[in-house]
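User: Could you walk me through how to read this structure? I'd like the general idea of each feature and then the case here.

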Amino acid sequence: MHPRQPLTRRETLRLAAAGVSAVSCSGWLGSLAAHAAETPAKKHKSCILLWMDGGPSQTDTFDPKPDAPAEYRGTFKTIATSVPGLQIAEGYAKVSQLMQHACVIRGMSTTEAAEHRRARIYMHTSYRPNFAGLSYPSFGSIVSSLRPQGTGLPNFIVTGKTMEGGGFPYIAGGGYLGPRHSGLILRDLTKGLENSVPPVDDSEFVARLTLAAGFQRATPIPAVAAQRSAYQGTVELMRSPKGKVFDLNQEPAEAHDRYGKHYFGQGCLLARRLVEAGVPFIEVYLGDWDTHEQRRADMVRNECLPTSDQAMHALITDLKDRGLLDDTLIVWMGEFGRTPKTHHASGARNHYDKAWSTVFFGGGVPGGAVVGKTDEHAAEVTDRPVSGPDFMATVLKLLGIDPNLELHAGNRPVRAAAPGGKPVEEITG
């Protein structure tokens, strides 16, 4: 590791002339950190999106149908929760004791179920993929663009493991908001923040940044300017003393055990640390919910459900105990639900978007509540349907963002939530 010496005045001026923030490269952001400590920022809610990649079954999680025929009911029993009259499936036994902090939407009714990639994009952005020829920003990128920059940590961080085929490239990108608001993807939490130390000393590092910035300035087009902004954010992160937040070794063994020593559990543990550090949006993936055949149905039963139950219980409890739950919105969701009727004795089900469930915890939502209702088979929404744009509008409003806000793709105004999306008033007030 190369020793870190303060930049010389000449090096600082070279960077400033090249357009790279001088403060972002000086003394590991010491002056910036001191300034931030003296100037308290406006408090905003944080969001942790727990993405169940592949589409969990509504019947096997938060909308069980105990009186339905066996081929609809599946293999899971229905259990009581901490809220009288509210029942969920047995796979979430730990979470069932925290439902006083939850609001379940049982009336999700969307329009993308044929293909995972399209559905991921739709449910992260509320826009159909490539609608009107644009690449749209996801929840995290929108939040990133509307929160203060230059704090030493990214505003949008993604971790976890997707199901086969992946998903990060489609939802971590900033879309028309540019790379500055793309999510920082962490693929190996055991290594902390990788590549955060330059392989050369400060003088050489500054020289390389100056050269790169010079090339960027020589091409004055929006795409290059966006890349330049992303470079500056990267340098800020590399130089920030806040990078230690990524080191999970600082957590006691008891915390690792409570969250689970699996990737999703460690991702949730990191999410709690990032919320404490002021990161506004964190997304944690858990793959393999795609239950087409017995092998995958068994994987959900033996891995996905116990893994997420343990980690979610620890996360919600920790945030509550630390006084952070009211200011942290936790969103549990996938890209769609599963068919009401099983096609195998194991409980295997196919893609389904007409009636499924999402859940909010904390963040000021009404606890112990259920919005929407499905029929006796969880096949049709019979009360309070919620569309993809409605869901996006609801999340944004809960985070203090106007869903009608116009963002800009170049000179083109684009609504944050797709047209027609209205917040669910039973949740947002």
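Analyst: Happy to. Start with contacts, meaning heavy atoms within 4.5 Å. In this predicted model, residues 24 or more positions apart account for 75% of the contacts in the chain with a separation of 6 or more.

User: Which ground rules apply?

Analyst: Residues are numbered from 1 along each chain as its sequence is written, and side-chain values use heavy atoms, leaving out hydrogens and water. Because the model is predicted, local features need pLDDT of at least 70 and side-chain atom pairs count only at pLDDT 80 or more, while totals for chains, interfaces and linings use all residues.

User: How many helices and strands are there in the chain?

Analyst: Both are DSSP runs numbered from the N terminus: helices are H or I, at least four residues, and strands are E, at least two. The chain has 13 helices and 16 strands.

User: Is S346 buried or exposed?

Analyst: Buried means under 20% relative accessible area, exposed over 50%, and partly exposed in between (1.4 Å probe, protein chains only). S346 counts as buried because its relative accessibility is 8%. S346 lies in the loop between β9 (337-338) and β10 (351-352). Leaving aside residues up to four places away in sequence, S346 touches T75, Q294, A297, D298 and R301. Across the chain, buried residues make up 55% of the 429 residues.

User: Where does pLDDT stay under 50?

Analyst: pLDDT is the predictor's confidence in each residue, from 0 to 100. The chain averages 86, and 78% of the residues score at least 70. pLDDT stays under 50 over residues 1-7 and over residues 11-40. Beyond four places in sequence, the model has 19 contacts for residues 1-7 and 49 for residues 11-40.
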